[in-house]
Amino acid sequence: MALKQAILPQTIIYLLRNDLRLHDNECFNYIACLAEKLKTKLSGTDNTPLHLVPLYCFQPEHYISGTYNFGFARVGEPRARFTLEAVKDLKLHLQSKGSDLIIKSCFANEESGSPVNAVSSVIEQLGITKGRQEDSQDSCSNCTLIFHEEATQEELDVESSLIQLCDEYGVQVKSFWGSTLHHKDDIPFKKVLRKGSDAPDVPDVYTQFRMAVEAKSKVRSPFPTPASLPPLPNHVLSDDMPTEAQVGVSHELNMPLDKSAFPFKGGETAALKRLNDYLWGNNAITTYKETRNGLVGTEYSTKFSPWLAIGNLSPRAIYAEVRKYEASRTKNQSTYWVIFELLWRDYFRFVCLKYGTKVFFPGGIRGMKVNWKQDKNMFDRWKSGTTGVPFVDANMREILRTGWMSNRGRQNVASFLVKDMKLDWRLGAEWFESMLIDHDVCSNYGNWNYAAGIGNDPREDRKFNVIKQGLDYDLNGEFVKLWVPELANLAQSTSSTKGKIHFPWKLSPGELNSAGIQLGVTYPKPMLVAGEWERHYGKVMKKTGGPSDSRPASSDSRHQGPQKQRGMDFYFSSSSNPTSRR
Ligand SMILES: Cc1cc2nc3c(=O)[nH]c(=O)nc-3n(C[C@H](O)[C@H](O)[C@H](O)COP(=O)(O)OP(=O)(O)OC[C@H]3O[C@@H](n4cnc5c(N)ncnc54)[C@H](O)[C@@H]3O)c2cc1C
């Protein structure tokens with residue numbers, strides 16, 4: 001039987017998920033190697049040794065169901081557009097290699113887009129029937145399902161259901177790990193002792209993880225891009241590629257691509273171009289450490305995350321390219337720092353593997369007891385960018401219009417929601433899940449756990465002072481002006497207005513008047529004012545000779561906060577100490 005197996009033509013079904021690329025893809029490498037092997041064995045016969053069915057599903061769970069607790073659209077418009085572009089690009093790449101992409105889409109038929117239904121329909125179209133292994137001499141069909149493994153529950157459930165399905169049809173299953181920089185099997189931690197889990201028992205503090213990994217684990221070399229791929233078998237039907245309208249791209253957002261910090265397209269082509277441009281094109285990588293906390297424009301950070309999230313870009317390919325760049329152009333702290341950040345991404349993935357569904361629980365991976373508040377009115381003001389706190393509003397409007405927000409912005413708005421507004425962190429996490437182009441379950445929920453003080457943060461109750469942050473990172477108000485144009489007249493860099501855009505409620509009626517602002521009419525009054533902000537606007541007022549002792553324009557005493565309370569001012573500067581960075 002072994003001999004018969006070895007020389008029979010075979011079919012591989014490759015279920016693509018968040019691995020939409022041909023470069024550094026172990027599944028395609030497996031296929032290319034198998035094709036080579038079978039070609040030699042079957043030489044001299046007329047048989048095509050190997051057929052391949054690359055399969056992608058537009059899942060009802062993503063496009064029809066909402067987010068878990070609050071029912072926001074699970075894939076908002078910016079990511080829907082990006083995903084469609086990425087899938088179309090993949091199809092073209094596959095065609096150029098002699099293959100194609102089979103689509104199963106919930107827009108054709110709600111049932112059809114679910115991975116288990118999609119795979120079972122392909123298996124049946126291949127003529128494989130259930131129970132074959134029981135009444136035939138063969139224990140298996142000559143068909144194998146392959147896929148890359150994911151880390152969170154819903155995706156792991158899909159994997160279990162696929163294994164069960166394939167068992168019923170005698171289809172073999174092979175899975176690979178390909179989403180992290182360091183392979184799951186290479187990192188120096190024992191496995192978690194939990195039934196059915198092979199998760200590494202990573203430490204709860206990032207620095208311990210990073211130091212162990214940097215000292216003891218090597219990044220594997222990327223797999224080569226296949227020169228060609230096996231053809232599709234006959235009779236496997238594809239649904240149509242969904243239209244923009246079907247996935248929810250309405251163009252109503254009228255996305256301002258000229259203003260967006262992420263004006264790029266989805267797909268491996270655009271991802272590899274960005275990698276090349278950021279390194280070899282403009283050498284932006286050599287100043288990454290100094291610019292990474294920026295807010296405006298495309299070059300302050302790599303912008304790799306949306307492509308990494310959907311798998312258009314492999315972290316190992318980034319690593320290999322950075323090493324090449326360092327060897328032939330420049331090696332400095334900035335080039336190191338890009339890799340350092342990629343380790344955060346690895347870390348959250350392994351944390352999710354270790355803690356399972358806890359990352360989604362109200363008390364997070366630490367299982368804390370917190371009475372989270374869910375106030376719709378407050379949340380609506382946060383998500384629509386109308387809190388009356390300009391730095392928060394600018395960031396929230398940016399994500400709403402473009403699907404992008406800088407890392408600096410994300411940390412501030414998350415802290416504001418959880419620590420200032422005291423709202424349930426899951427509202428914020430699910431809103432990000434809906435809106436972010438780069439949404440990645442592990443990075444998003446891991447970072448929200450962290451921001452809410454229920455995750456991997458050894459420092460208790462860390463809070464960002466959004467006024468200080470605004471002044472530090474947007475002193476001239478260029479960022480706020482971009483997204484909150486009604487305050488634009490305050491975004492001047494003259495000494496009398498510098499920084500004041502961040503706290504319009506402290507300005508005198510005369511100052512507001514001359515900037516054309518009527519608080520509560522043209523721009524909201526702040527929904528809250530934290531005590532610890534006081535000393536920061538004080539500093540600007542003193543420096544610019546402003547009316548630090550004039551009456552604040554807002555007469556609502558609730559908005560002025562306890563003047564004497566200094567509160568926490570946890571603010572972490574762009575220190576060169578990697579342990580202090582989040
Ligand atoms: C509340 C919150 C939610 C977030 N949600 C996501 C998310 O859904 N998807 C996502 O990819 N990132 C998320 N991040 C992390 C981070 O903000 C983004 O990865 C980063 O802003 C992407 O921009 P960039 O590619 O230019 O990053 P760069 O600064 O250029 O960093 C390079 C790469 O390192 C990785 N990285 C950097 N910082 C982090 C981090 N804190 N956590 C994990 N990986 C990191 C990313 O893959 C990034 O592409 C979140 C951060 C916060 C505070």
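**Ground rules.** I number residues from 1 along each chain as its sequence is written. In this predicted model, local features need pLDDT of at least 70 and side-chain atom pairs count only at pLDDT 80 or more, while totals for chains, interfaces and linings use all residues.

Entry 1: Helices (H or I, at least four residues) and strands (E, at least two) are DSSP runs, numbered from the N terminus.

**Entry 2: the core.** I call a residue buried if 20 or more other C-beta atoms, placed from the backbone, lie within 10 Å of its own. A nonpolar core is a set of buried Ala, Val, Leu, Ile, Met, Phe, Trp, Tyr and Cys residues joined through C-beta atoms within 7 Å. The largest one here has 146 residues. Helix 14 gives the most to this core, with 9 residues. I13, L55, V122 and L145 are among the residues with the most contacts inside it. Contact means C-beta atoms, placed from the backbone, within 7 Å. I then checked I13: leaving out residues up to four places away in sequence, I13 touches V53, L55, V119, V122, C143 and L145.

**Entry 3: strand 2.** I found 9 of the 9 residues of strand 2 buried, so this strand is largely enclosed by the rest of the structure. L50, L52, P54, Y56 and F58 point one way, and H51, V53, L55 and C57 the other way. In a regular strand the side chains alternate between the two faces of the sheet. Next I looked at pairing (at least two DSSP bridges between two strands). Strand 1 and strand 2 run parallel, joined by 7 bridges. T11 stands opposite H51 in strand 2. Strand 2 and strand 3 also run parallel, with 4 bridges. Y56 stands opposite I103 in strand 3.

**Entry 4: helix 5.** Which residues of helix 5 (residues 115–125) are buried? I listed P115, N117, A118, V119, S120, V122 and I123. They pack against strand 1 (10–16), strand 2 (50–58), strand 3 (102–105), strand 4 (143–148) and helix 7 (153–169). G127 follows helix 5, and its phi is positive, near 85°.

Terms used
Buried ≥ 20, exposed ≤ 12 C-beta atoms within 10 Å, placed from the backbone. Contact = placed C-beta atoms within 7 Å.
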